[in-house]
Amino acid sequence: MSAAPSCKRLPKRSLLASAIGLSLASTTVLGQRSDDEIVVHGRPYDREPDSVKFTAPLLDTPKSVTVIPQELIGELGATSLVDALRTVPGITFNAGEGGQPAGDNLKIRGYDAGADVFIDGLRDAGSQTRDVFALEQIEVVKGPGSAYTGRGSSGGSVNLVTKKPRGEDFLITHVGAGTDGYARATVDLNRSFGDSAAFRLNALTQEGDVPGRNAVSLSHRGLAPSLVFGLDRPTTIGLDLYRYETDDVPDYSIPYQRNADNTAPAGTPVDVDRENFYGVLNRDFQRTGADIRTLRVEHDFANAFTLRNTTRYGKTTNHYIVTNPDDGRGNVPNGFVLRNAKSRNSETTTYANATDLSGMATTGRVHHSFVFGAEVSREEMFNVPYVVTGAFASNVNTDFASSCSAPGAAGAASGYNCTTLHDPNPHDPWTGTIVPSTSTTAVETDTWAVYAFDTLELNDRWSLNLGVRYDDYRTRQDSFSGGAPLHLENDTDFWNSQVGLVFKPARNGSIYLGTGTSSTPSGNTLGDGTENLAASNADLEPERDRTYELGTKWSLLDERLAVNAAVFRTETSNARVDVASGVEQNIGDERVDGVEVSVTGSVTERWQLYGSVTYLDSEIVDDGPLGSFDGNEFPNTPRESLSLWTTYEVLPWLTIGGGATFVDQRFANPANTVWVPSYWRYDAVATLDIGDRIDVQINLHNLTDEVYFVRPYRSHYAALGPARSAVVSANVRF
């Protein structure tokens, strides 16, 4: 067949938006409310983590934690999780290819974190893409953190906090239109009923093309209703549903150059028109979906202890055929590209339950803030990719058999499986066939865990932060590729800890020294990421990481401005490395040294600031007996990265702002022979308040029309970031 298979904020500035905490352009935090007014206090952008595992305020937490509030997300004009995480230096994004799926594949402080994304504290397994329409805030915890999250989290984790019902009525509508066919509309409705119940509904629709990319388009839909009973009562019960679907044209963008003898990729991506798209529209597609249902029960015992239970069922899908602009056959130096199809059709199902008890107590002169808990989960992944074939005139020239460089091969002679490097046509009538593969992969992972956290306030100046977690982990994988089925299994358990000593030289500041660990077992990503189970690693122990961090946190300018700084080292002493063909051992050694500085809050009542800078010195210390990468940098890990966003209220009705992002050069592969250049990106915003109910926002993205790469794959290609664009949006409050 020739087509893709079907699958089915004070009136002065956003008063009400500030009060209800919606993702608009407001920069205030709710204080208290009367019938006629809202008194606002606090610092814009200033938020605490939602997780109860943080048993001390952020100022006194001995760990690097970044909270991205919905106010900032709205000002940025961010729509996806990837857009929002641009504000956090030290986070990059991996590319997909073959067994490494395309999606929100994150990397934090040099370590893969695609499987370390959580929703309201529970792991959101499975490769997918995510929107921000139903999010209250995004929390990024950096450094090895398995004590908090369980397996993985070598570089850190990301927790998505969803919007919950509130005890007030409001309706917020958002509509936006922009260049490149951009159109987006969201609705946020909250209704209270009875004495203590409320319903909230968030909905989304979005269409548009990707700026600067020929024929690449997006189409997204989302719906997130939630219901709560018992607001402001000892017992609350909440039910959340979340559905999200995408239908996009996927884009692997631009191939790399080749080395002198044309045997391997080398250097940077080729210099071609940024709009060049090497896929074919009658074949390529990507459809992702999420269907997540969560039941939450919480009970307060006389304001002394709180018992919580969360149960979740979730199903996510990632279904695509995408063109890899393949340089593997030496075509690029000759001016041609093979349209090598990569595919996936995976479904990941998660069943999870978490129960915890939190509270405060005093033993002698020591005050405790604690939480104890347990988690149990089953995650299942099933993948049936496609076999994509097409006619190829390999007999045109036997010297170029299976190569698009053969005379006349580009175009109809190859069934349009070949195209030119400088003038590809995405509308080529590709005429191959697509059938489900007989190769399948099924993975089941069962985990149960117990954990405990306690902050011990020893006196007014000293506190000790402790955390420990035990995980029992078992994963099983059955794969079939035409021969006998292959059964693999990894059964292990591991302890992880978090320890931090905090000294407060003043009430508004802290100095801390902390350490934490992580454990990454074989099969961590369920066959749906970068750390899958294989015959070479099934019997290995988990990789172990440890971080040491010295930092300081201060709340300045009458507690309007938070300033944090930290230096750290993360070590992996038993990384999995190749010791023979198809054989790995836990003998590798890796290390990342880094520095981070961040500033968040209000410089003046009108001037808001959100910025940070990160320096990462990564090194593959020992790559094993067969390795040749000793001393090289980690792939996709920039030495320097920076993000700055600031706004200023010029007039009571006008706020302007802008930001800059810098990402240093990144190597794409461990050999450090392929890389993408450093880049600066600049953005701007203006918000006009029209009365008490309407504000209009203008966002200008990538002002200088910078050509930059966001996802470098280790070979073949690097994916481009969007070109310059403009969006005008309106938020109307009823």
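Which residue in β5 is the bridge partner of threonine 92? Please keep in mind throughout that this is a predicted model.

1. The partner is lysine 107. The strands involved, β4 and β5 (residues 106-108), run antiparallel and share three bridges. They belong to an open three-stranded sheet ordered β4-β5-β6, with antiparallel pairing. Because β4 (91-93) and β6 (111-112) each have a single partner strand, they form the edges, and one side of each lacks a neighbour in the sheet.

2. Do look at the largest nonpolar core, which has 34 residues; Ile68, Leu85, Ile138, Leu160 and Tyr242 touch the most other members. Helix α3 (residues 81-85) is its biggest contributor, with four residues. Beyond its neighbours within four places in sequence, tyrosine 242 has contacts that include Phe133, Leu223 and Ile292.

3. Among the 21 aromatic pairs, tyrosine 148 and phenylalanine 453 are stacked, at 4.9 Å centre to centre and 25 degrees between the planes. Tyrosine 148 is in helix α4 (residues 146-149) and phenylalanine 453 in strand β25 (residues 440-457), so this pair ties together parts 305 residues apart in sequence. Tyrosine 148 is buried at 6% relative accessibility, and phenylalanine 453 is buried at 2%.

4. Ring pairs also join Phe54, Tyr148, Tyr451 and Phe453 into a cluster. Over the face of tyrosine 451 sits lysine 53, 4.5 Å from the ring centre.

5. Elsewhere, arginine 109 lies over the face of phenylalanine 568, 3.6 Å from the ring centre.

Methods
Residues are numbered from 1 along each chain as its sequence is written. This is a predicted model: local features need pLDDT of at least 70, side-chain atom pairs count only at pLDDT 80 or more; totals for chains, interfaces and linings use all residues. Side-chain values use heavy atoms; hydrogens and water are left out. Two strands pair if DSSP finds at least two bridges between them. Helices (H or I, at least four residues) and strands (E, at least two) are DSSP runs, numbered from the N terminus. A nonpolar core is a set of buried Ala, Val, Leu, Ile, Met, Phe, Trp, Tyr and Cys residues joined through side-chain atoms within 4.5 Å. Buried means under 20% relative accessible area, exposed over 50%, partly exposed in between (1.4 Å probe, protein chains only). Contact means heavy atoms within 4.5 Å. Rings of Phe, Tyr and Trp (its six-membered ring) pair if their centres lie within 6.5 Å; planes under 30 degrees apart count as stacked, over 60 as edge-to-face and the rest as tilted. A charge sits over a ring if NZ of Lys or CZ of Arg is within 6 Å of the ring centre and within 35 degrees of the ring normal.
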